[in-house]
Structures are given as structure tokens and as C-alpha cells.
Amino acid sequence: MTPRLASDHTFLWWRIRPITARRLANFRAHRRGYWSLWIFLFLFVFTLFAEFIANDRPLLVWYDGGLYAPVLEDYPEKTFGGDLPGNADYSDKFIQDEIKKKGWMIWPLIPFSYNSPVKGLARPAPTPPSWQNWLGTDNQARDVVARVIYGFRISVLFGLVLTILSSIVGVIAGAVQGYFGGRVDLYFQRFMEIWDSVPLLYLLIILSAFIQPDFWWLLGIMLLFSWMGLVGVVRAEFLRARNFDYVRAARAMGASSAAIMFKHILPNAMVATISFMPFITSGSIGALTALDFLGFGLPPGSASLGELAKQGKEFAVIAPWLGITAFVIVALMLSLLVFIGEAVRDAFDPRKSALAAAPAAEPQPALPAAAAAPASGAIP
């Protein structure tokens, strides 16, 4: 049988190496992590189109012979027969009646946005789940399903962006420490010990008194401290690899330190880094949720799972669906990320790759019964 070459392995129409193919096979073999990845990707892609799924504006409006897309563009009220020059309020009964007279409109699946109050409720907010509001409304009469969809998206985007940026900074810092060693490593370690002792929560409380937190402000503050999680892993890999023969050969050939670090050593150190990244993402999402719960996260009114959990605590007796919804969504999100991280860790485990690459032992032929048992009276 002809052995398979590296070019025989493909993934999404890209040629991959045999070791990468074995890692992908190991990842698929981890069924819980494999399906968790697909579920997480489906939920994330679904929430990326939140404006087309949960919105208080119609997707399309046909009025007086013209086609309009309110979900993409603002239109004044005069466009649809109103008297005011401001933007049209499509939840207003007058605007709805005017559009119905001369056309039609198509609403999203959930006709509420994350910040739009539901009108005409039968009782004061928060209201329990109903056919109109599948998970009820919060204390400001906002639809919980819409807030969950937008909150899921902003939490995942925050976690992914923070993971990518902190990984870049952490890999560079760990590479510099591990490659140069000596005083560079010593001074950098002392700096990290001092920087790590700064209380992040107290710093956020103090800064919140002067600055209104937002997405990018929180991202920058969290990045100042989250990069240290990868430094130890990358530093250990560079300390181990800097004296290998291929590094000495590259140095003898006149390669620069930057080329040796990021072209020769870093690809080998990325195995541990990639295995750690899903857990960094789950930690980042958990940190944002905790800050929102404490009131030091996103601005008031933002779609936030932590703010929903805070309302669940405050209205635990009269509105238990708020706390249950927040708990289920956060637990599901973090569990999926942990399962994905376990599968990635197993996929990059060199012991499992070696076992997958090792050929199966050929079965030994069975000996005849006469040959297996010595004849009677024979000297053993």
C-alpha cells in the first residue's frame, strides 16, 4: 500500500501536514468538544445577525410604490404619512395603520430590540413569559429574549477580542523572557510580580468615578492585566528550546534574534498557547459578566448578561425567570468553551498524536495445538 503524502491531507480545501491531520482527527474523536464547537459556532453566528432577528424596526416596508429597509436605514416619519420630521417609530399604531393602507411590512422574528420597552403590557414590569415575550420582560419592560441575543453576542465578541490581544502581548513578553533569559528574565519577572499585585477591581471602581465605562474602555483595562496568563507557558517553551540544535544552527548562520524567536521557536511554542486560548476566552467572558453584575461593566441600558443576572438577584421572588435565564445562558456558554478547550488540549497532546501515528501491531499467527503443548515425557 502506498503511504499517504502530506499533500493528500486537506482541510477546507487547504493542504495540511500529517501531524495537523492527526490533531484534527483527535479533536473529532473528542465527541463532547467537537459538538460543543459546532453548537457554539451556531449560536455565535446566529447572534451576529441580531439586528435581523430581534429589532423594533421592520425588515422591509412596501409603501406607496416604494420599497424601504428600516432595519438598515433611518426614514423620517413624513415618508410614511406622518407629520413629524424625526425618525419614524414603527411601533406607533398611527404609523402602522398608514403603512397598512398603502402597503405592507415584514417584521423580524422578535419585534423588539434590546433597549425598546414593550408597550401594552397587562401588568407592571417585570412580566412573566408569554406568547408575546417568550422569556418575559425585565424591570424596564424590555424583552428578555432580545437582551439575551444581543448580550450573548457582545460577551463572545469581548472574550474573543480580549483573548486575541492578550495572547499577542503575552506571547511576545514570554518569548523575550525565555529567549534572552538572564537579567532580562529576572527584571521582567519582578515587574510581573508587582503588576500582578495591583487589585483590578479596586482600580475599576476608582476609574469608574471619573470615566463612564464602555466596551473599548473595559477592553483596554482588562488587557493591561490579562496578558500575564500566557507569559509563563510561552517563557517555559522558549527556555527549553533556545539551546536546541536547530536554534544554534540558525544563530550560527547569522539569523537575527527576532527571526529565531518568531520563525523557528514560536511555531513549536504555539501548541501550548493554542491549547490555553479557549480557557482565556471563558475567563474573559466570566470577568465581563461579573463586572456587569457588580455595576462596573458596560454602560446602563447595554445588553448584558451580568446586568440580567443582577436583576434576577433583585427580583428573585417576583421574577425568578430573570435569574434562571441568566444562569442557564452563562452556564451554557462557559461550559461549551470549557469542553472545546478540553478537546483542543487533547488534540495537541503529543502522547495521543504518537499513539495515533503508531502502526497497529500485526497479530501473531496461532500455533498448532501439537506444537503449543510439549509431548509427554519430553524434557522441557
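I call a residue buried when its relative accessible area is under 20%, exposed when it is over 50%, and partly exposed in between, using a 1.4 Å probe and protein chains only. The model I am reading is predicted, so I note that local features need pLDDT of at least 70, that side-chain atom pairs count only at pLDDT 80 or more, and that totals for chains, interfaces and linings use all residues. Residues are numbered from 1 along each chain as its sequence is written, and side-chain values use heavy atoms, with hydrogens and water left out.

Entry on the whole chain. I found 15 helices and 5 strands in the protein chain, taken as DSSP runs (H or I, at least four residues, for helices; E, at least two, for strands) and numbered from the N terminus. Of the 380 residues, 38% are buried.

Entry on H4. I looked up helix H4 (residues 93-102) and found Ile 95, Glu 98 and Ile 99 buried. Seen down the axis of H4, these residues fall within an arc of 95 degrees, so they line one face of the helix; the arc is that of the directions from the helix axis to the C-beta atoms. On the face turned away from that buried side I found the exposed residues Lys 93, Lys 100 and Lys 101. The buried residues of H4 pack against strand S3 (60-63) and strand S5 (103-106), where contact means heavy atoms within 4.5 Å.
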